[in-house]
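Have a go at each task before you read the solution.

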Amino acid sequence: MNPLQGTLADKVGLLILLPFLGFLVNGTLAFVRPRAKGVITAVGVGSVAIAFALAAGIFGKMLGSPDAPPLVKTLWPWISADLLRIDVALQLDHLSIIMALVITGVGSLIHVFSAAYMGEDPGYARYFAYLNLFVAFMLVLVLGASFPVLFVGWEGVGLCSYLLIGFWFTDAQNAAAGLKAFLVNRIGDAGFLVAMFLIFKHLGTLDFIAVSRLAPTAFHSGDAAVTAIALLLFLGCAGKSAQIPLYIWLPDAMAGPTPVSALIHAATMVTAGVFLVARTNVLFALAPMAQSVVAVVGAGTALFAATIGLKQWDIKKVLAYSTVSQLGYMFIGVGASAYAAGIFHLVTHAFFKALLFLGSGSVIHAMHGAYHHTHNHADAQDMRNMGGLKQYLPTTFATMWIATLAISGIPPLSGFFSKDEILASAFARGPGGTVWYVVWAMGSIAALLTAFYMTRLMLYTFHGPNRTGDAETAHLHESPGMMTTPLIVLAVLTVIGGAINLPEFMPSAGWLHRWLEPVVEAGSRIAGTPELPRGTTFGLLALAVAIAIAGIWLAWSRLKPAALVPAAQSPEEVGFARVLYEKYNIDELYDAAIVRPLLWISRNLLWKTVDAGIIDGGGVNGTAFLARTVGWLGTRLQTGRVGTYVVLFVIGVLAILGALTR
Amino acid sequence: MFLAPSLVISAILFTIGVVGVLLRRNAIVIFICVELMLNAVNLTFIALSRQLGLDGQVFVFFVMTVAAAEAAVGLAIIIALYRHRDTVNLDDINLLRG
């Protein structure tokens, strides 16, 4: 019997139910009493906070019996059709509890932050309803015990993402950004669906535990079938986690409120792809080719997005591309079968990127407030309009620097350990194929760029003279305590977060590694986990630190915030800088190569030819025309003259007589 | 005995009736032609009843009864028609036109 049975762990369903109830209550309040801010805040923040307390309690129980097998709690049967039997079941294991803790923990902090950030918004109740619904779906995603249940959460968070990106939907641009995110994700979801069909075809089940058990015997390593499954699953991951070629929706997703960007588009939802690869590690381990694809795409995305981040002026756009880049790192990790390292970076990234986004939210809040006071319509998110904010926003300034150092990989902050472990695990695979050295090199260059663009962001935002405007400067002030407290908590987590998985030469090293061992053990065993000699490990560590310091030093010495002018007076970029500023024109390329041809085909072939021409013209109007013609012929017989009828009548009689006497 | 001639006469009468209905335009003449066809049939019934029993003769009474009723109703319709339209020429009447 499972030692977790009968303990608090049995209440795992409550984890999802709490935020869902919060959604129902706040969703109702949004209609009947949208101004009841006290109740809305209590329900919105409270439901997630209680869920976090519950998750922590369950985690405590699991710590007590670390060897317990996964607890699968079947709630009710869902689909039962011949061979296909799917239950709505939740799987509580070492991986899902870590994810649940991150989601509810970081989620609670962001909910608290939101209460202040969104305080003046008329859609306050709607906002918290969406946010609670998101947390509920995200928990379904990580706690689901089978692919279909996970998929419900997967689509649910996509829906919430759509709703929150387009939260200020009266601006057509925001609505379009939401739509773009939704549509790009559909491409990935199609891959995910086909992967599920293939898994069911080959293994006859969709439960994670059964799939992990059956796959090693049903497939040989490198089989076409399992490779196809892994690649299609990764297509889904690339959509959800914004990897090349489907990353384009994430930067646009910044149209949503900033806490949403922190929660959904940095800390939790976009990491669902990494989680999925870790969850299905056996399938990926059986497909070495797919693993290489995952790592190469991850490395390519990490480097590519980092270069774009170098030249963005919108503070949130920099962070968005940074997120895309960091997600690339996570995929390098899980692609190199270092699942624990990937999840480790997921966790630390959730801390420091949520902190960075909330910090940028605090900055935007201050900027927006200042511009609002003076009725200035300048861009509150453009770094060229900021500068010198450190004296106005000291807490935000300090916490964001901590996160910047962490993401750059300065020891002993959390990002250093997680990023280094990923790069080391890619390097360790080097003897198995040169591609891994390339992956490692790309990751290392991306690390240099990361340190550079993050320092650039800090320099332009907080250092140098202020460029907001003379009238506005007086109105710049630090955000309220409800916003700075989450920043401080996240900063603490950013500092100490690395402790959960220290490198092996340190005391109590690799805790997360050992904790996740039961989940990823099967995949690691198939794929193998090459060990690096201790000297190489130290060498890589030293190199990582050198790269991080080099990146920061480069930015610090080369960039002169004093020389910057406000956005309205800035000259146009030229040369390669312009290419980077325009994001390699990938959006325009997609527009010309995919969107427009697709629209053309849809409009001219599918709509005007097939729908309007064949179906409407031939099918609908054609049958109507046929009926009308036959009817018209019939009416010609109806002359109204008795003579005609008699003639027809006689002809009929003669015909019948002729037929009878023949 | 007289079977063959009777049937021939009956057929001729019937054909005259049909042709009359088909070709004539005057409602009363058509009406008379219909009566002619009924009586041609009656003649057939009578002729055949000599060999096949009295059933045919019973039928003749029915036909005559129906014909009488029909004459009453039909003539009434024709008179009503004439009062409304001042004509009994069926070419001028096409109320049934669809």
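**Exercise 1: where the chains touch**

Work out how many residues of chain B are in contact with chain A, and sort the chain B side by class.

Solution. Keep in mind that this is a predicted model. Start with the count: ten residues of chain B are in contact with ten of chain A. Next, sort the chain B side that touches chain A: six residues are nonpolar, two are polar and two are charged.

**Exercise 2: a pair of helices**

Describe how helix 11 and helix 14 of chain A pack.

Solution. First, find them: helix 11 of chain A covers residues 272–279, and helix 14 of chain A covers residues 315–335. Their axes sit 10 Å apart, at an angle of about 5°. Angles under 35 degrees count as roughly parallel, so helix 11 and helix 14 of chain A are roughly parallel to each other. Now look at who meets whom: A:V274, A:V277 and A:A278 from helix 11 meet A:L327, A:M330, A:F331 and A:V334 from helix 14. By class, that contact has seven nonpolar residues, with no polar and no charged ones.

**Exercise 3: following helix 15**

Trace helix 15 of chain A (residues 339–373) and say where it bends.

Solution. Begin with its span: the 35 residues of helix 15 reach 49 Å from first C-alpha to last, close to the 51 Å expected at 1.5 Å a residue. Then find the bend, which is about 30° at A:H349. For burial, 30 of the 35 residues are buried, so helix 15 of chain A is largely enclosed by the rest of the structure. Finally, step just past helix 15: A:H375 takes a positive phi of about 55°.

Definitions and conventions
Residues are numbered from 1 along each chain as its sequence is written. Chains are lettered from A and ligands numbered from 1 in the order in which they are written. This is a predicted model: local features need pLDDT of at least 70, side-chain atom pairs count only at pLDDT 80 or more; totals for chains, interfaces and linings use all residues. Axes are lines fitted to C-alpha atoms, for helices over the stretch in contact, and angles run from 0 to 180 degrees between N-to-C directions. Helices (H or I, at least four residues) and strands (E, at least two) are DSSP runs, numbered from the N terminus. Angles under 35 degrees count as roughly parallel, over 145 as roughly antiparallel, 65 to 115 as roughly perpendicular and the rest as oblique. Two residues are in contact if their C-beta atoms, placed from the backbone, lie within 7 Å. Ala, Val, Leu, Ile, Met, Phe, Trp, Tyr, Cys and Pro count as nonpolar, Asp, Glu, Lys and Arg as charged, and the others, Gly among them, as polar. The expected span of a helix is 1.5 Å times one less than its number of residues. The bend at a residue is the angle between axes fitted to the seven residues ending there and the seven starting there. A residue is buried if 20 or more other C-beta atoms lie within 10 Å of its own, exposed if 12 or fewer, and partly exposed in between; C-beta atoms are placed from the backbone.
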